[in-house]
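Here are my notes on the model, written as I went through it. Have it open beside you while you read.

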Amino acid sequence: MRTSERLPGHPDFLWATADPKSSYDVVVVGGGGHGLATAYYLAANHGITNVAVIEKGWLAGGNMARNTTIIRSNYLWDESAGIYEHSLGLWEGLEEELDCEILFSQRGVMNVAHSLGDVREGRRRVNANQLNGIDAQWLEPDEVGKLAPVLDVTDRPRYPVMGATFQPRGGIAKHDYVAWGYARAAAALGVDIIQDCEVQGFETDGDTVTAVKTSRGRIACGRLALCAAGHSGVLASQLGVRLPVQSHPLQALVSELLDQVLDTVVMSNAVHVYVSQAHKGELVMGAGVDAHLGYGQRGSFHVIEEQMAAAVELFPVFARAHVLRTWAGIVDVTPDASPIVGHLAQWANAYVNCGWGTGGFKATPGIGSVFADTVAHEAPHRLAEPYALDRFVSGRLIDEHGAAAVAH
Amino acid sequence: MSSRLPTGGTRLDRSRPVTISIDGQDVPAFVGDTLASALLGSDVRLVSAGIYSGRPRGVMGVGAEESNAFVQVTSGPGEPMVRATELEVHEGLSVERIAGRGWLPEGIDHTRYDKVWAHCEVLVVGGGEAGVTAALEAAARGVRVVVCDDRPALTDARAGELVSHPDVRVLTRTTVVGAHDHHHLVAVERRTDHLGDDAPPDVARRRLWHVKAAEVVLATGTQERPLVFPDNDRPGVMLAGAAATYVRRYGVLPGHRGVVWVAHDDGLADAVALADAGVELLVVADVRTTVTPALADALAERGVPLVLGAEVVGTDGDDDGFLYRVHLRGPDGVVVHDVDLLAVSGGLNPAVQLWSQAGGKLAWSTEAAGFVPAAPPPDAAYPLSVVGSALTGATGAVTAPATFFCGDVDDADAARVYLDPQRDATLADVRHAHLAGLTSVEHVKRFTTIGTASDQGRGFGVLTVGVLAQVLGRPVTEVGTTTYRPPYTPLPFGLLAGRDRGALSDPVRVTAMHDRHLAAGVPLEDVGQWKRPWYFPQRGESMHDAVLRECRAVREDVGMMDASTLGKIVCHGADVGEMLDRVYTGLMSSLKVGKVRYGVMCSPDGMVADDGTVARLSDDEWLLTTTTGNAASVLDTLEEWQQTEWPDLDARFTSVTEQWAVVALAGPRSRDVLAGLAPDLDVSAEGFAFMEWRDATVAGLPVRVMRISFSGELAYELHVPAAWGGALWDAVASAGGVTPYGTETMHVLRAEKGYPIVGQDTDGTVTPVDLGMAWAISPKKVREGRDFVGARSLVRDESNRPDRRHLVGLVPVDGSTAIAEGSQLVDAGADLAAVPVPMHGHVTSAYASVALGTPFALALLDGGRDRLGEELDAVDLRVPVRVRVTEPVPYDPEGERRDG
Ligand SMILES: Cc1cc2nc3c(=O)[nH]c(=O)nc-3n(C[C@H](O)[C@H](O)[C@H](O)COP(=O)(O)OP(=O)(O)OC[C@H]3O[C@@H](n4cnc5c(N)ncnc54)[C@H](O)[C@@H]3O)c2cc1C
């Protein structure tokens, strides 16, 4: 019987759970990837170490623990290319920076076209990427078949493959390792990582947020940085700000461990499924959001069924694989499918980072550094500027779904 | 040596021997065996191996709790990672051993999987004693009952009574795998897996049941939990209850010389059963210091020594790594026993997975020594109750941490205390997680991978919680479990896909004329779910030539196309006009009966969402057409606005897309053709003007004729009830010299006129003004401050910046090089290597044009309307084409041809 290679191990020590102090220079709400990365870069890049990351549950147990870890930067618009490419650059040095394994694997991300319209939009995006200096290729069906032999590129499927965009530098990483790596590095620099502590309200004075009220008492804050992903709307509303975000369940699933059949990440927006075969051999798959709104972290079963039908249609060999586990996260979706980063409306010392919806894992290092810079300098970082909340008033939207319908 | 007993085995049909094979070795079995019982019955103890360690692994359990014995099925369609304890044998079954990782056989799996929807008042999960009792009670109330049980048959004496009840449906070999919101449970019925080649061809292999139940009763029983010690993974180490079950169900002796080590009374009863079956029990050890006297007496009667306060501290393996010796520490020190079986039982975990999936809370119960259902789901939409042993766990269990783990294990040994054998994860990993600072059970699960394998922690999960509690020095209650997630047991992708494969994976929509197109052999284009004729090649003709010919025909003569896929929505009600004024940018309420108007819809951000025509059929009946792709979403939009924002408006919407077939007739000669087909219709320019409709008899058929044009030529749309679509197509086709054309020609013709296609020339970032269609926004509505969807957004500064992207035309400067759709527009001569290269827009549509005598394109270009005549490079895959910016309406800008 053939045995498998063990994955690289974990560091001997990750982080020590801290009890809240009475006050911090910066309170980061939300201990997901974005909150942890923000705290790390505040300490590492800006020397701000009197920082708390406050997490209501177990650290990085929200979307950070639930996402399908696709990393790429081949977005359409210049603004998006800016932030995601910045992020991809950081991913490429992250194991060294954090001094721990994150299983970052640049196996390429393919986005498959099934109609003349898909081809047109795919080509448009590839062209934009290339002119922005982002590695992007257009693949004809036979080239798709070479990179992903189990993908049926014949004309048998209901919607045959007509080509694909491909970003060789894209790939996957191990989400938990990333979160823990940031937590470890941040804690080592003096950041307090506080778990099982829910922010339930705020104290304010004039245009300043003076403290967060938590399930473990009052914590005064010099500056407030919200990184609460699916719950951002709830927190902002406690400060009287109605964010233009809607929270949807987004589901994913894994199979059992299987011999390697797929060496790259394949996404198909048209037939709603995407898949990678993770390091241990399990197929990791997802689809689009559940249509309903809610905070329940529970999705509808038919969404899984439809996704499996799409998967089996494109990858006939998958028919015999098994779904081992399904789950859902809660993703915060904005009207233009681009994030919100910057000052939280009228509050002088409060900043918000949210709206990453179905695709913010790949942004973790990028937004961590950009948001930390924004909070540290009390002014938006160059790459954050386009993502200010007031674009929903001005109308200067960065619409990423209409153009390329790219989700993850 | 065979371990098959000469008699016994409640599930066996000894009259039907079969032969199966593992790694090519034949193994005799009986119908009714599982792979696990057949292997044990033939003393085949090696079933799998540790994924990393390669250590030999055997059968530990007897059901869904099995975490070791997974194999690759190679007979039939093949299947990876199948649990040997639930795989029923049949003649010809063949399997291969695997080390924690399966493989996907090549080729398409043609197995048929079905889905069934069922409704009932009461769903009982589990057909044991408690389940049958609950089902009979419900049946007596006269309500519909569904009972699901994962075994081949119910064994309760009352099963016959239950099955004969008219309102009761009993599903055996059926596992309930999911408890979802809204009374929705999902189950899998294995219908022919156990039949092999004898499976009737007309019966689906498995069925996925969607059960909607008013009330759910969980009679799911328990799952046995092991005890752990160094080298606890050897073949020969089994669960005590499972060992006794192999005797009872399958007439198989799980071993010949054994030691039993338990922590509760049920385990002692299993020891008695093993002794009675003929296993030579050297000793029975119990963690506890006191046990129920009757059980102690029963063992004494059989001459089996019982040691209390004892624990297994290790095992030795033979050359193959199989269990060979047990080191048992009792009050008198460590004694070594030569054995081939070590049967252990740490307790019985209530099977609470479905309860937990439904959102129910769990609490640690010291009496049950397990997690039991506590608070029901917070906003339980349906009554969910638990009955039977799923509530109580094991009898007489100890409550001390010793239940889970005994003695000190040094770090070297800890690496051989397996807490998830399939993942080769051990006590050492848990200790490492703790030292690394982790305290949450969720973190430890992720750190160690314990509980992530095919059994999803059913085997060792609760035990691991206990171990973790010990390591952390905290009570089990505080540590808690991880969340149980669906599915309860693994589900094949193919089963979930069901029949939604191939042509059925998404409905194929065809028009009423489709058989004509097939007969003509035309290439089809997928447009959403529709199959549409792409072009109509003549013998040997290329697409390029066909499209040029079709274009020429429409421009110079007359052509016809199947336009049936246009979305069509009929609106009724006194307030339809008002409703349409609010969803279109234009003014619709003023439209007169008999007239047609073009309309644009925006989304709230002011961006173009769809376009089409509005015809007023009578005072309170209107017909909208939409783009093919947006038919459903426009209907949704109308319903959403009306239902959520304007319920006061009297307006109702009905999709009639499929009910009407449409033939578009276009070209300078279309009037003559129509006149010939409809002698009674006044087709004169005055009698039937552009943007009007008439009911007429065309070729003897009742047709609604609309004079509208998507080609810029004189044109008509002929709408006929779908049943006559084919007849109308034939009639027009035989009217003489009418050239059929497809979607490609349609695109060229409309592009030559600068008519944008929503979704191609727009992408959700384009306003009507950007398209040069400011005229489509009603000045009257704006003047009067009347609101419509997108109105506010359209007046923002951002929407009126002069450098917004405008729709323009492009022609190649050399007059001949084709421009590629999707090209990005950069400064003429820009150095493409000097990234980032500033981009000013992109090409949305591009074609060859006979009418213009040159390739041309439509593009969205920053400030485009102010850049006419400017030269740019259109870059596709790094290749630039020099282009000149033109008006977006290259052909007949005055519209004389269309309106004449
Ligand atoms: C199924 C799924 C698949 C995905 N796939 C991908 C993918 O392939 N690629 C990709 O790039 N992105 C993907 N995403 C999106 C990505 O996971 C998210 O955009 C990203 O994780 C969000 O940032 P985060 O890690 O900080 O969020 P989270 O991990 O959700 O962190 C937010 C944290 O805030 C905490 N919190 C909330 N309210 C409070 C409060 N009141 N007090 C204290 N703490 C609070 C939450 O508990 C949570 O831990 C996916 C998401 C899901 C759900």
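1. Start with helix 1 and helix 7 of chain A, which are roughly parallel to each other because their angle falls under 35 degrees. Keep in mind that this is a predicted model. The two helices, residues 33-46 and 175-188 of chain A, pack at an angle of about 30 degrees, and their axes are 9 Å apart. The crossing of helix 1 and helix 7 of chain A is left-handed.

2. Who makes that contact? From helix 1 of chain A come Leu36(A), Ala37(A), Tyr40(A) and Tyr41(A). Helix 7 of chain A answers with Ala179(A), Tyr182(A), Ala183(A), Ala185(A) and Ala186(A). By class, the contact of helix 1 with helix 7 of chain A has nine nonpolar residues, with no polar and no charged ones.

3. Helix 1 of chain A also meets helix 10 of chain A, residues 364-377. Here the axes come within 7 Å and cross at roughly 55 degrees, so helix 1 and helix 10 of chain A are oblique to each other. The crossing of this pair is right-handed.

4. The residue list for helix 1 with helix 10 of chain A is worth a look. On the helix 1 side of chain A, it includes Gly33(A), His34(A), Thr38(A), Leu42(A), Asn45(A) and His46(A). Ala37(A) and Tyr41(A) belong to the contact with helix 10 of chain A and also to the contact with helix 7 of chain A. Helix 10 of chain A contributes, among them, Pro365(A), Ile367(A), Phe371(A), Ala372(A), Asp373(A) and Val375(A). The class count for helix 1 with helix 10 of chain A is nine nonpolar, nine polar and one charged.

5. Now the ligand: which residues are closest? Of the 39 residues that surround the ligand, the closest are Glu55(A), Met64(A), Thr68(A), Gly360(A) and Lys362(A). Backbone atoms are worth checking too. An oxygen atom of the ligand sits 2.9 Å from a polar backbone atom of Asn63(A), and a ligand oxygen is 3.3 Å from a polar backbone atom of Thr69(A). For Phe361(A), a backbone N or O atom is 2.9 Å from an oxygen atom of the ligand.

6. Over in chain B, look at helix 10 (residues 427-435) and helix 12 (residues 461-472), whose axes come within 10 Å and cross at roughly 45 degrees. That angle makes helix 10 of chain B oblique to helix 12 of chain B, and their crossing is right-handed. Leu427(B), Val430(B) and His434(B) of helix 10 of chain B touch Val467(B), Leu468(B), Val471(B) and Leu472(B) of helix 12 of chain B. This contact between helix 10 and helix 12 of chain B divides into six nonpolar residues, one polar and no charged.

7. Last, the backbone. Most residues other than glycine have a negative phi, and most peptide bonds are trans. Pro486(B) and Pro487(B) are joined by a cis peptide bond, with omega about -5 degrees; Pro487(B) is in the loop between helix 13 (476-479) and strand 29 (491-492) of chain B. Another cis bond joins Val835(B) and Pro836(B), with omega about -10 degrees, and Pro836(B) lies in the loop between strand 44 (824-827) and strand 45 (841-847) of chain B. Ala369(B) has a positive phi, near 50 degrees, and lies in the loop between strand 24 (362-365) and strand 25 (370-373) of chain B.

How values were computed
Residues are numbered from 1 along each chain as its sequence is written. Chains are lettered from A and ligands numbered from 1 in the order in which they are written. This is a predicted model: local features need pLDDT of at least 70, side-chain atom pairs count only at pLDDT 80 or more; totals for chains, interfaces and linings use all residues. Side-chain values use heavy atoms; hydrogens and water are left out. Axes are lines fitted to C-alpha atoms, for helices over the stretch in contact, and angles run from 0 to 180 degrees between N-to-C directions. Helices (H or I, at least four residues) and strands (E, at least two) are DSSP runs, numbered from the N terminus. Angles under 35 degrees count as roughly parallel, over 145 as roughly antiparallel, 65 to 115 as roughly perpendicular and the rest as oblique. A crossing is left-handed if the near helix is turned anticlockwise from the far one by less than a right angle, and right-handed if clockwise. Contact means heavy atoms within 4.5 Å. Ala, Val, Leu, Ile, Met, Phe, Trp, Tyr, Cys and Pro count as nonpolar, Asp, Glu, Lys and Arg as charged, and the others, Gly among them, as polar. A residue is near a molecule or strand if one of its heavy atoms lies within 4 Å of it. A polar contact is a pair of N or O atoms within 3.5 Å; within protein, one must be able to donate a hydrogen and the other to accept it, and residues adjacent in sequence count only if both atoms are side-chain atoms.
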